[in-house]
Amino acid sequence: MSGDNPFDPELYKDAAVSAETRALNTALIDLLETSDDNWDIGVEEARARRDRGEGPFPAVPKSPRARTIQIPGKGGDIALRIIAPETPKGVYLHFHGGGWVFGSADGQDPMLERISDTTGLVCVSVEYRLAPEHPYPAGPDDCESAALWLVENAKREFGTDLLTIGGESAGGHLAAVTLLRMRDRHGFTGFAGANLVFGAFDLRWTPSARSYGNDRYLILRTLDLEKFDACFLPENVDRADPDISPLMANLHDMPPALFTVGTDDALLDDSLFMHARWAAAGNEAELAVYPGGAHGFVAFPGALAASAVQRMDAFLKRFTD
């Protein structure tokens with residue numbers, strides 16, 4: 001479990017990792033190291049195999065409750081996948097992970113169904129444009145457009161204007177960027193809470209990202225970060241720009257946030273650093289660190305993921321109680 005004190009040194013020691021988590025990580029490494037590497041087969045083929053459930057992980061089942069609507073965006077219409085409870089109490093604007101290259105709005109329906117049922121939030125997942133076909137700023141532009149649309153239409157569409165936001169990995173990055181754009185470009189600081197799950201907040205790459213290496217293929221290697229970077233960012237951009245690395249932003253007037261990360265994640269430092277800067281800017285911030293948790297660990301079986309999921313759901317539910 002995460003423990004009560006995320007700054008307890010014991011939390012980061014090997015002895016804190018449970019036998020269950022250790023076994024899961026070993027199984028994941030074995031699975032990934034015997035599977036075709038995404039970068040060897042190419043992005044297009046890797047996406048196709050994921051869609052067919054032919055990659056290392058099975059295809060995620062689609063929710064019969066979901067519906068899709070189209071809204072206008074800077075680069076054309078944007079699809080929003082909506083999973084709603086019977087009586088909505090608010091909205092959760094969600095951005096999927098996948099390194100800005102992989103993933104889809106319908107790729108985590110079971111998770112969004114759970115959030116909707118547990119919290120009373122309408123889950124609105126954004127089908128933002130992916131790199132390398134659509135590099136920065138296309139994806140962030142689509143996320144900004146979705147946030148603007150919700151601010152203007154949530155009450156009419158869902159009967160509530162209580163808004164929360166979040167995402168995993170690249171989705172955590174996009175959520176942070178969207179919050180900053182909404183504040184700085186539109187004067188909107190009305191999101192009630194942010195659920196930021198093992199996000200990438202510094203695309204210059206933090207020490208943990210740079211030093212993680214490639215010897216263990218536990219979901220996310222330094223190599224993967226370099227490849228995602230090459231797909232997502234044009235060569236001439238300034239990676240210290242807060243619109244690219246939100247860790248570098250002035251973080252005043254941000255909503256209460258929960259940062260979730262495992263200790264065996266190349267992006268560990270991103271959450272540690274962003275949590276500290278979030279709090280130092282005068283915002284409410286919680287940090288939940290899970291011993292041995294790999295990148296993406298909340299999607300895997302076991303007590304560690306169950307503990308993290310319970311805390312995240314409780315965090316979001318507080319805004320609808």
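In what follows, Ala, Val, Leu, Ile, Met, Phe, Trp, Tyr, Cys and Pro count as nonpolar, Asp, Glu, Lys and Arg as charged, and the others, Gly among them, as polar. The model is predicted, so local features need pLDDT of at least 70 and side-chain atom pairs count only at pLDDT 80 or more, while totals for chains, interfaces and linings use all residues. Residues are numbered from 1 along each chain as its sequence is written, and side-chain values use heavy atoms, with hydrogens and water left out.

**Exercise 1. The cavities**

Task: State how many cavities of 30 Å³ or more the model holds, and describe the lining of the largest cavity by class.

Solution.
Step 1. On a 1 Å grid over the protein atoms alone, a cavity is a set of points where a 1.4 Å probe fits but cannot get out; a pocket is an open set with protein on both sides within 12 Å along at least five of seven lines; lining residues have an atom within 4 Å of a point. Grid points are joined across faces, edges and corners, and a volume is the space filled by probe spheres set on the points.
Step 2. By this rule there are 2 cavities of 30 Å³ or more.
Step 3. The largest cavity has a volume of about 80 Å³. Its lining comprises 14 residues, of which Thr21, Leu24, Phe297, Pro301 and Leu304 lie nearest its centre.
Step 4. Helices (H or I, at least four residues) and strands (E, at least two) are DSSP runs, numbered from the N terminus. H1, S8 and helix H10 (303-317) each supply at least two lining residues, and H1 gives the most, with 5 residues.
Step 5. The classes are 8 nonpolar, 5 polar and 1 charged.
Step 6. The second largest cavity has a volume of about 50 Å³, and its lining divides into 5 nonpolar, 2 polar and 1 charged.

**Exercise 2. The second largest pocket**

Task: Identify the element that supplies the largest share of the lining of the second largest pocket.

Solution.
Step 1. The volume of this pocket is about 180 Å³.
Step 2. It is lined by Tyr12, Lys13, Asp14, Val17, Arg22, Asn25, Thr26, Thr263, Asp264 and Gly292.
Step 3. Helix H1 (19-33) and strand S7 (257-264) each supply at least two of the lining residues; the largest share, 3 residues, comes from H1.
Step 4. By class, the lining has 2 nonpolar, 4 polar and 4 charged residues.

**Exercise 3. Threonine 260 and strand S7**

Task: Determine whether threonine 260 is buried or exposed, and place its strand among its partners.

Solution.
Step 1. Threonine 260 is in strand S7.
Step 2. Buried means under 20% relative accessible area, exposed over 50%, partly exposed in between (1.4 Å probe, protein chains only). Threonine 260 counts as buried because its relative accessibility is 1%. In S7, 8 of its 8 residues are buried.
Step 3. Contact means heavy atoms within 4.5 Å. Not counting residues up to four places away in sequence, threonine 260 touches Leu196, Val197, Phe198, Ser271, Ala288, Tyr290, Phe297, Ala308 and Met312.
Step 4. Two strands pair if DSSP finds at least two bridges between them. Strand S6 (residues 193-197) runs parallel to S7, joined by 4 bridges, with valine 197 opposite threonine 260.
Step 5. S7 also pairs in the parallel sense with strand S8 (residues 285-294) over 7 bridges, where valine 261 stands opposite valine 289.
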